[in-house]
Each structure stands twice: as structure tokens, then as C-alpha cells.
Amino acid sequence: MLSEDDKLLLTAHFKPRKLRKRQYFLQEGDVCKFIAFIVKGSAKTYTVDEKGHENILRLSVENWWLTDFESFYRLIPSRYHIEALEELEILQTTNTEIEEFLKHIPAFSAMSSIINQNNAIAAQKRMQAINYSAEERYEELVKVYPYFLQRFPQNMIASYLGLTSETLSRIKKNALK
């Protein structure tokens, strides 16, 4: 549990920032200098293939962390774009400050460990979904993130699931029967 002093220290080092819809938090090739906590809004993390098609890897909403973890921790150029889908209100901080929090705030260290575990589990589930049929990927999304269906347009859901919009339409139509 964070003490009042810990909370004051954290809020002093997490800077509020607003991004407009379609504004980038990170662009491919840049080093990710910040990790952010989403207070309000949503974002997508994606790559663009050689044909110019977006491949959405992650959709992020309130109370989720926003960053490219590999770029942030290893200080290497990112392979991803992270873009605001709505007006985005975040609290962001740097790698250096995170390291200080981990050293001096035991509760933050424990919380960080839980977050890392949850991210690892989510990444593992995402990799497992590669072997699922299109219908199974959709069913899993409905089970785990049902609010995505109201929050994001069908073309983004389709990209996130690795499907065409037409295939997703067919699956949704069949699911209603």
C-alpha cells in the first residue's frame, strides 16, 4: 500500500499531459522516453506493413499503461506507433524516475511487479491466440474485453484480431444466430 508520502512523490514525478485525437505518443524509429498511465481516453499501438496496412497490436483504455516496454527499458528505437484514438489524458514519467521509484518506494516496486506479471500473461495469451480460429479469437475478445466492441470501430477490432472487416462481419452475424 502506498503511503501518503509515496503518493505525493509519485504525483510530483508523473506529469499530466493531453494528446489530441490522432496525435502520436510515439512514432516508429523514435526511442520511447516515457511510460504513461491513461486517465481518460484510448490509444492504439500498431505497425504499418510494406503495403501500408495498419496492424494493431494493442488497444489501450483508461487505467492501462501506455508505452513500448522494449524501447522504454532498453532505450532502443521503437518498431511501433502509439496514437491517441480519442482525446487522451495521461500521467507520464521517465525511465530514470521509474528506477528511482523502484529503489525508494517498496509499494511501487510491488505494484510494478504485479503490472509486469499481468503484461507477461496478456502477451502470452495474445501469442496463444495466433493458433485460434477467427471465431475463437472473436469469442476470446468478447469474453475478455467486451467493452472493446462498443469502444472501437469494427475495422480496428478486425485489425487487432488479425482479420479482415468482412470476416469479422460474418463472424458477428453468425454469433447472433
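**Note on a predicted model**

1. T93 has a relative accessibility of 1%, so this residue counts as buried, the cut-off being under 20%. The model is a predicted one. T93 belongs to strand β8, which covers residues 88-94.

2. The side chain of T93 makes a polar contact of 2.5 Å with the side chain of E97. Beyond the neighbours within four places in sequence, T93 touches H13, F14, K33, F34, I35, F72, I98 and F101.

3. An open sheet is built from 4 strands, in the order β2-β7-β4-β5, with antiparallel pairing. The edge positions are taken by β2 (24-26) and β5 (54-60); each has a single partner strand, so one side of each has no neighbour in the sheet. On average, neighbouring strands are turned by 30° against each other, direction ignored.

4. In general, strands of a sheet pair through backbone hydrogen bonds.

5. Helix α7 lies across β4 (43-48) and β5, at about 100° to β5.

6. Helix α7 (residues 154-161) also meets helix α8 (residues 165-176): their axes come within 9 Å and cross at roughly 100°. Angles of 65 to 115 degrees count as roughly perpendicular, so α7 is roughly perpendicular to α8. On the α7 side the contact uses Q154, N155, I157, A158 and L161, and on the α8 side S165, L168, S169 and K172. Sorted by class, this contact has 4 nonpolar, 4 polar and 1 charged residues.

How values were computed. Residues are numbered from 1 along each chain as its sequence is written. This is a predicted model: local features need pLDDT of at least 70, side-chain atom pairs count only at pLDDT 80 or more; totals for chains, interfaces and linings use all residues. Side-chain values use heavy atoms; hydrogens and water are left out. Axes are lines fitted to C-alpha atoms, for helices over the stretch in contact, and angles run from 0 to 180 degrees between N-to-C directions. Helices (H or I, at least four residues) and strands (E, at least two) are DSSP runs, numbered from the N terminus. Angles under 35 degrees count as roughly parallel, over 145 as roughly antiparallel, 65 to 115 as roughly perpendicular and the rest as oblique. Contact means heavy atoms within 4.5 Å. Ala, Val, Leu, Ile, Met, Phe, Trp, Tyr, Cys and Pro count as nonpolar, Asp, Glu, Lys and Arg as charged, and the others, Gly among them, as polar. Buried means under 20% relative accessible area, exposed over 50%, partly exposed in between (1.4 Å probe, protein chains only). A polar contact is a pair of N or O atoms within 3.5 Å; within protein, one must be able to donate a hydrogen and the other to accept it, and residues adjacent in sequence count only if both atoms are side-chain atoms. Two strands pair if DSSP finds at least two bridges between them.
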